Amino acid sequence: LHTIIVNRFRTSLSKALLQAKQVFPAAAKDPRLAPLLNGVHKQYVGKQFDGGAGKAVAELTPETIESVVSKSMPLCMVRLHNALKRDHKLKHQGRQQYWLFLKGAGLSMEDSIRFFQAEFSKIMSVETFNKEHLYNIRHAYGKEGKRTNYSPYSCMKIIMGSPPGGQEAHGCPYRHLEKPSLSALLGKLNITGAKQGEIMSHVDKNNYQIACQRHFEITHPGAYGRGINTDGVGNHPNAWTAASLEYHHIAAVIGAEGSASDAAGKKDNPTLGAASSAVLAAGDA
């Protein structure tokens, strides 16, 4: 039922957007509507993730970040993390983008300091880290300066921001990377062939957020049918990660329940359990 409703809604929305496109030039001439219409593509009105999303599903710590990167981070954050691990540093805009993302994903300020200090101190002393970066991390968490609770960057802010230079890794890979580099990055995540082609087709049309959403759909099959909150996937990196963490949590629960059920069945009927094992073995062969 959920799949049917979603498909109907998407069809209806697609038709409505086409109608809106046709009347946009006339509506944009109205001085009351023009400022809103001309700036609507830059707006993000979804969840801000400034309270630490993802804590209810899985606690994010320096020790668990690697597992989250491999399964539950959008491409922009995977690229930043890879650059951090490779160079043991990030340029200013990359630091801001990644610090705030991890904050929104549930990493505490103390753990953020511990994580980045361990990485940065591979090329600098702890004293240098404390002098150059400690204040800025505390500032990102609202503990210094004006004590503003800064929100993680939305996809639109990342896409519309300044493009990365030669030694920088911030920005949106779908928007800012050359095609060969983007293809190689997707390939490292085992997204190849026709599936990668689907993503690239959206990139060719400048539909960067749809390309990101397609990445999620490819790596999380059946997510929309499991009741997972996918609102914001393709609009905010933290929404992408929160939905992914929920997806893997549900998958783990289902797997555990299935294993327990199988074990109980074999205990109640050892002969049937042995026969099932033999059938599975034959099937594998």
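What follows is a chat about the terms used for this predicted model.

Mentor: Residues are numbered from 1 along each chain as its sequence is written. In this predicted model local features need pLDDT of at least 70 and side-chain atom pairs pLDDT 80 or more, while totals for chains, interfaces and linings use all residues, and side-chain values use heavy atoms, with hydrogens and water left out.

Trainee: Why is Leu17 called exposed?

Mentor: Leu17 has a relative accessible area of 54%. Exposed means over 50%, buried under 20% and partly exposed in between, with a 1.4 Å probe and protein chains only, so Leu17 counts as exposed. Leu17 lies in helix α1, residues 2-28 (helices are DSSP runs of H or I, at least four residues, numbered from the N terminus).

Trainee: What makes the pair of Phe116 and Phe120 edge-to-face?

Mentor: Their ring centres are 5.8 Å apart and the planes stand at 80°. Rings of Phe, Tyr and Trp (its six-membered ring) pair if their centres lie within 6.5 Å; planes under 30 degrees apart are stacked, over 60 edge-to-face and the rest tilted.

Trainee: Which residues form one aromatic cluster?

Mentor: Tyr98, Trp99, Phe101, Phe115, Phe116, Phe120 and Phe129. The structure holds 7 aromatic pairs.

Conventions:
Helices (H or I, at least four residues) and strands (E, at least two) are DSSP runs, numbered from the N terminus.
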